[in-house]
Amino acid sequence: MMQKPLVSVVMITYGHELYIKKAIEGVLMQKTDFNFELIVANDNSPDKSDEIIQKIIASVPSHIVIKYFKNPENLGAIRNLQKAFKEVTAEFVAFCEGDDYWTDPDKLQLQYEKLSSETNCGLVYTDVDFYDFKTGKKTESIFGKEGKIRTSSFEEHLEKKGYLAPPTWMFRKILLDHVGNEDV
């Protein structure tokens, strides 16, 4: 019997046919000493995203847990995300949308270790590169160019930086209690 996952990776997708395979592979390549689950919430994509996701699920080893659902109708990004968050069972949550991808196989492990050791910390994030598939242009180290700024609160971070790249997040599930819990 598989142990409960320590991290739930939430991935929402809509119309990401060209990117979803790479996004899922970035999650599946993670090297961890704990169990994690991947929750994929397809918001009724009109493209071949569903076929691609189903094919990947059929080929993953049985010890990897992927929870997949496709909404019967398009809910919109916020409601789809809320629905996905309701599937989270782990103490920690990471986020990666279907048109983003991770390149570091140690991302989850390092972030989990940081959150586990810093009990007063609710969210961690990493630097990020931007890649424009249309132009082929890559902008590296978005946060690294400014140096590391340590802040004491989320509000202070937003005042100084103004942005946290969602695919770099890992946070405590308890923070979801502070997000709107409207029925979807």
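Helices (H or I, at least four residues) and strands (E, at least two) are DSSP runs, numbered from the N terminus. This is a predicted model, in which local features need pLDDT of at least 70 and side-chain atom pairs count only at pLDDT 80 or more, while totals for chains, interfaces and linings use all residues. Residues are numbered from 1 along each chain as its sequence is written, and side-chain values use heavy atoms, with hydrogens and water left out.

**View 1. The whole chain.** Five helices and eight strands make up the elements of the chain. Their order from the N terminus is β-α-β-α-β-α-β-α-β-β-β-α-β.

**View 2. The open sheet.** Six strands form an open sheet in the order E3-E2-E1-E4-E8-E5, with mixed pairing (at least two DSSP bridges between two strands). Its edge strands, E3 (65–70) and E5 (123–124), each pair on one side only.

**View 3. Strands E1 and E2.** E1 (residues 7–13) and E2 (residues 36–42) run parallel and are joined by seven bridges. Val-9 has Leu-38 in E2 as its bridge partner.

**View 4. Helices on the sheet.** Helix H1 (residues 20–28) packs on the sheet and touches E1, E2 and E3 (heavy atoms within 4.5 Å). The direction of H1 makes about 175° with that of E1 (lines fitted to C-alpha atoms, for helices over the stretch in contact; angles from 0 to 180 degrees between N-to-C directions). Helix H3 (residues 77–85) lies across E1, E2, E3, E4 (92–95) and E8 (170–172), at about 155° to E1.
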